[in-house]
Amino acid sequence: MKGRWGKYLLGGLVIAILAGCSSKPTDRGQQYKDGQLEQPLALVNQPNTRGVPMNGNDYANQLLEIQYASPSLFSRNSNTYQAVKSWMASGADTRQLSQFGLSAYQMEGADNYGNVQFTGYYTPVVQARATPQGEFRYPLYRMPPKRGRLPSRAGIYNGALDDRYIIAYSNSLMDNFMMEVQGSGYVDFGNGQPLVFFGYGAKTAMLTAALAGC
């Protein structure tokens with residue numbers, strides 16, 4: 001009798017192990033309809049989607065913001081922007097993407113089944129001036145020459161970097177912090193000119209503060 005129960009327990013254990021190996025996680029909404037993918041980006045002739053993009057009418061307003069904030073970026077990608085705008089105006093049917101010169105690609109994802117994680121990100125706009133004046137007294141730094149470890153954020157805020165690396169002064173230390181966390185931002189110098197993009201430069205030795213690079 002004991003031998004029979006032992007066989008049952010062993011068989012159940014094997015089945016449980018096999019089931020665990022074959023199951024795939026779905027706790028984050030993962031899907032496995034397309035099978036395992038073999039390349040990072042795969043061209044999709046007809047995307048498997050339904051409906052139309054939400055807030056599609058906002059796209060034209062976003063284009064105006066890009067054109068104002070970064071004319072060079074808008075100029076380099078104007079053909080693509082216009083193609084997407086025309087596609088959305090026609091009804092945003094994914095089956096008609098190719099008619100507007102647009103292509104859809106499926107990402108392989110970390111699990112090779114097309115499940116991709118996205119993170120939130122935004123580009124802050126920071127008010128600043130080229131020289132310290134009034135409330136504009138919080139320095140924004142460019143990347144100094146790499147000579148050993150960079151100081152921590154606290155050290156930078158306390159003047160650890162030479163003043164020659166200052167590229168602007170903001171009116172809010174919190175705005176500086178948010179631009180560091182996001183990794184980039186637009187700077188409004190208050191002179192009526194287009195915003196200036198400050199891109200990511202480097203991390204400090206403590207991996208806490210990002211240094212800007214125009």
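Me: Helices (at least four residues) and strands (at least two) are DSSP runs, numbered from the N terminus. Where in this predicted model is A92 found?

Reply: A92 sits in the loop between α4 and β2.

Me: Is A92 buried or exposed, and how do you know?

Reply: The relative accessibility of A92 is 4%. Buried means under 20%, so A92 counts as buried.

Me: Why is N112 called partly exposed?

Reply: N112 has 26% relative accessibility. The cut-offs are under 20% for buried and over 50% for exposed, with partly exposed in between. N112 therefore counts as partly exposed.

Me: What makes a set of residues a nonpolar core, and which residues form the largest one?

Reply: The members must be buried, of the nonpolar types, and joined through side-chain atoms within 4.5 Å. The largest such core has 11 residues: Y59, L63, F74, Y81, A83, V84, W87, A92, L97, L102 and A104. At least two residues come from each of α2 (58-69) and α4 (78-89), and α4 gives the most, with four. A separate core of eight residues includes A128, L140, V187 and F189. Nonpolar side chains tend to be buried together in soluble globular proteins.

Me: Which residues does L97 contact, leaving aside its neighbours within four places in sequence?

Reply: L97 is in contact with P47, W87, L102 and A104.

Me: What makes L41, L43, Y105, M107 and F118 a patch?

Reply: A patch takes residues with over 30% relative accessible area and no salt bridge, and nonpolar side chains are joined within 5 Å. These five form a nonpolar patch on the surface, with about 590 Å² of accessible area together. Strands β1 (41-44) and β2 (104-107) each supply at least two residues of the patch; L43 is in β1.

Me: How many helices and strands does the protein chain have?

Reply: The protein chain has six helices and eight strands. Their order from the N terminus is α-β-α-α-α-β-β-β-α-β-α-β-β-β. Of its 214 residues, 27% count as buried.

Me: Where is confidence lowest and where is it highest?

Reply: Strand β8 (residues 210-213) is lowest, at a mean pLDDT of 47, and strand β3 (residues 125-129) is highest, at 94. The chain averages 80, and 84% of the residues score at least 70. Residues 14-21 stay under 50, with zero contacts beyond four places in sequence. Residues 205-211 are also below 50, but that stretch has 25 contacts beyond near neighbours in sequence.

Me: Why should such stretches be read with care?

Reply: Where pLDDT is low, the predicted coordinates should not be read in detail.

Terms used:
Residues are numbered from 1 along each chain as its sequence is written. Side-chain values use heavy atoms; hydrogens and water are left out. Patches are made of residues with over 30% relative accessible area and no salt bridge: like charges are joined within 9 Å, nonpolar side chains (Val, Leu, Ile, Met, Phe, Trp, Tyr) within 5 Å. Accessible areas come from the Shrake-Rupley method with a 1.4 Å probe; for residues, only the protein chains shown count as cover. A salt bridge is a side-chain nitrogen of Lys or Arg within 4 Å of a carboxyl oxygen of Asp or Glu. pLDDT is the predictor's confidence in each residue, from 0 to 100. Contact means heavy atoms within 4.5 Å. Buried means under 20% relative accessible area, exposed over 50%, partly exposed in between (1.4 Å probe, protein chains only).
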